Amino acid sequence: MKKNIAIIMGGYSSEYKISLISGTVVYETLDSSKYNAYRIHIFKDKWVYVDGNDAEFPIDKNDFSVTVNGQKITFDCVFNAIHGSPGEDGHMQAYFKLLNIPQTACDMHQATITFNKRDCLSVLKPYGIKTAESYYINLGDVIDEDAIINKVGLPCFVKANKAGSSFGVSKVYKKEELQQAIAVSFKEDDEIIIESFLDGKEVSVGVITYKGETKVLPITEIVSENDFFDYEAKYQGKSQEITPARLTKEEEDKVNKVAKQVYEALKMKGFSRSEYIFKNGEPHLLEVNTIPGLTKESILPQQAKAAGISLAELFDNAIEEALK
């Protein structure tokens with residue numbers, strides 16, 4: 001019997017366009033002899049199944065089913081391809097847990113923690129994971145520019161705490177630029193994290209559960225043509241992504257060990273991609289993504305390919321692991 005797989009894509013954040021591309025790649029790649037794949041668009045105003053002719057059928061949120069031509073369809077597994085809210089922040093994970101439908105991403109608790117950069121760094125600190133110096137601001141807080149600069153120095157990064165895809169991120173060189181950068185971040189989120197600039201090699205490390213084991217994929221080095229790895233660099237080809245990364249054996253061993261430790265300490269499942277910058281030879285964690293991009297250009301698929309895992313195998317394994 002072929003299994004019915006709902007591929008959820010879209011979402012409520014600025015990243016919905018990228019998510020639709022990721023979801024479509026999964027839809028086109030899944031082995032049709034094993035799976036009946038369904039594209040499910042999740043937006044604030046509608047949850048719909050989109051058929052081959054782009055006709056839309058509403059999802060019944062009571063049991064996450066859809067009725068097409070009088071026939072009710074339910075799903076054996078959900079392939080989560082939503083970047084940002086509600087797919088990466090724990091909301092969908094909790095919903096499917098309540099409905100007892102397996103899904104390919106990590107569990108709710110892990111999603112909630114990793115989606116909140118501050119919480120994620122706090123949870124990992126006792127494990128000795130190194131990070132940049134950081135300063136936190138909530139919407140409405142008094143902004144003390146001198147205190148910020150004393151803590152993190154210049155240049156520094158101002159980031160939305162709970163947004164992906166490098167939305168709401170600015171690199172600040174002068175005290176005068178801080179207010180504007182903070183305003184940009186507050187457009188994306190009501191919490192901000194300001195971090196010291198780490199000048200060093202930046203790498204992205206994919207860690208997945210593959211055939212029941214934690215597997216660290218070949219590392220990608222990120223060389224941005226822009227001033228840093230921003231949205232343009234990430235999605236509009238303004239960066240070079242070199243897989244495998246040009247690291248010494250020692251650097252590679254260190255970052256592999258840390259990435260695996262982060263995945264296991266957080267009790268992760270499914271896909272993850274964490275970003276690190278080397279400072280004084282030590283990898284410093286920037287953030288953890290639990291629904292990384294799955295477009296052909298995206299980093300995780302490139303890494304899987306370098307490990308000899310095809311996209312079809314990567315996605316098939318994710319479903320198999322979820323169904324265990």
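This is a predicted model: local features need pLDDT of at least 70, side-chain atom pairs count only at pLDDT 80 or more; totals for chains, interfaces and linings use all residues.

Start at helix H6, residues 178–188. Leu178, Ala181, Ile182, Ser185 and Phe186 are buried there. Viewed down the H6 axis, these buried residues fall within an arc of 140°, so they line one face of the helix. An α-helix has 3.6 residues a turn, so residues three or four places apart point the same way. Gln180 and Lys187 sit on the other side of H6 and are exposed. The cover over the buried residues of H6 includes helix H5 (145–152). Strands S8 (134–138), S9 (156–160), S10 (170–172) and S11 (191–196) also contribute to that cover.

Now the cores. The largest nonpolar core has 26 residues. Leu124, Val203, Val205, Val255, Val262, Tyr276 and Leu285 have the most contacts inside it. Two or more residues come from each of helices H3 (108–115), H4 (117–124) and H8 (249–265), and from each of strands S12 (202–210), S16 (271–279) and S17 (282–289). H8 gives the largest share, 6 residues. Look at Val262: beyond its neighbours within four places in sequence, it contacts Leu124, Ile129, Tyr276, Leu285 and Val288. Another core, of 24 residues, lies apart from this one; Phe271, Leu294, Phe315 and Ala322 are among its members.

Last, a helix pair. The axes of H1 (residues 16–29) and H10 (residues 311–323) come within 10 Å and cross at roughly 95°. The two helices are therefore roughly perpendicular to each other. Val25, Val26 and Thr29 of H1 meet Leu311, Ala312 and Phe315 of H10. This contact has 5 nonpolar residues, 1 polar residue and no charged residues.

Conventions: Residues are numbered from 1 along each chain as its sequence is written. Side-chain values use heavy atoms; hydrogens and water are left out. Buried means under 20% relative accessible area, exposed over 50%, partly exposed in between (1.4 Å probe, protein chains only). Helices (H or I, at least four residues) and strands (E, at least two) are DSSP runs, numbered from the N terminus. The arc is that of the directions from the helix axis to the C-beta atoms. Contact means heavy atoms within 4.5 Å. A nonpolar core is a set of buried Ala, Val, Leu, Ile, Met, Phe, Trp, Tyr and Cys residues joined through side-chain atoms within 4.5 Å. Axes are lines fitted to C-alpha atoms, for helices over the stretch in contact, and angles run from 0 to 180 degrees between N-to-C directions. Angles under 35 degrees count as roughly parallel, over 145 as roughly antiparallel, 65 to 115 as roughly perpendicular and the rest as oblique. Ala, Val, Leu, Ile, Met, Phe, Trp, Tyr, Cys and Pro count as nonpolar, Asp, Glu, Lys and Arg as charged, and the others, Gly among them, as polar.
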